[in-house]
Amino acid sequence: QVQLEESGGGVAQPGGSLRLSCVASGTIGGIYPMSWHRQAPGKRSELIATDTGDGRSFYADSVKGRFTISRGSAENTVNLHMSHLEFEDTAIYYCSLRVLGVGNAPYDYWGQGTQVTVSS
């Protein structure tokens, strides 16, 4: 069983920075993508950044140039450095990890989420 735990959320001012971390525990092998998502009040969940595990990363247009996803020193961690924060970045942030299950069907594990609030 894989479990994910996020940390690092909190309150920041517009233009400020925050760093989120996510640690995956359990038996994980091979290369696997880890991602960050967010859900703002009254809005749909948004995939904002993915690290594929093999050197590639992808970003949503809404965060491109402001957020950076990276793997931690341990392979089972992923970080999200957020800078130039905007009010619209206020949301619950979730990390996910994708594995291939039976028949190579993708399966995502999710963390419980961490709140990020941008407020002056």
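The model is predicted.

Start with the sheet. Four strands make up an open sheet in the order β1-β3-β8-β7, and their pairing is antiparallel. β1 and β7 are the edge strands, each pairing on one side only. Direction ignored, neighbouring strands in this sheet are turned by 15° against each other on average.

Now take the pairings in turn. Strand β1 covers residues 3–7 and strand β3 covers residues 18–25. The two run antiparallel and are joined by five bridges. Gln 3 has Ser 25 in β3 as its bridge partner. Glu 5 stands opposite Val 23, also in β3. On to the next pair: β3 and β8 are antiparallel too, with six bridges. There, Ser 21 has Asn 79 of β8 as its bridge partner.

Next, look at the loop that links β7 (67–71) to β8 (77–82). Ala 74 is found in this loop. Ala 74 counts as partly exposed because its relative accessibility is 32%, between the 20% and 50% cut-offs. Ile 28 is 46 residues away from Ala 74 in sequence. In space, the C-alpha atoms of Ala 74 and Ile 28 are 12 Å apart.

Charged side chains come next. Side chains of opposite charge can pair when their charged atoms come close. The model has eight salt bridges, counting nitrogen-to-oxygen approaches within 4 Å. One of them links Arg 56 to Asp 54, with the closest N and O atoms 3.3 Å apart. Arg 56 is partly exposed, at 45% relative accessible area. Asp 54 is also partly exposed, at 43%. Another salt bridge joins Lys 64 and Asp 61, at 3.2 Å from N to O. Here Asp 61 counts as exposed, since its relative accessibility is 66%.

Where do Arg 66 and Asp 89 lie, buried or exposed? Both are buried. Arg 66 and Asp 89 form a salt bridge, their closest N and O atoms being 2.8 Å apart. Arg 66 sits in the loop between β6 (57–59) and β7, while Asp 89 sits in the loop between β8 and β9 (91–100), so the pair ties together parts 23 residues apart in sequence. This pair belongs to a network: salt bridges with shared partners join Arg 38, Glu 46, Arg 66, Glu 86 and Asp 89.

Terms used
Residues numbered from 1 in each chain as written. Predicted model: local features only at pLDDT ≥ 70, side-chain atom pairs only at ≥ 80, totals over all residues. Heavy atoms only, no water. Buried < 20%, exposed > 50% of the residue type's maximum accessible area, 1.4 Å probe, protein only. Pairing = 2+ DSSP bridges. Axes fitted to C-alpha atoms, helices over the stretch in contact; angles between N-to-C directions. Salt bridge = Lys/Arg side-chain N within 4 Å of Asp/Glu carboxyl O.
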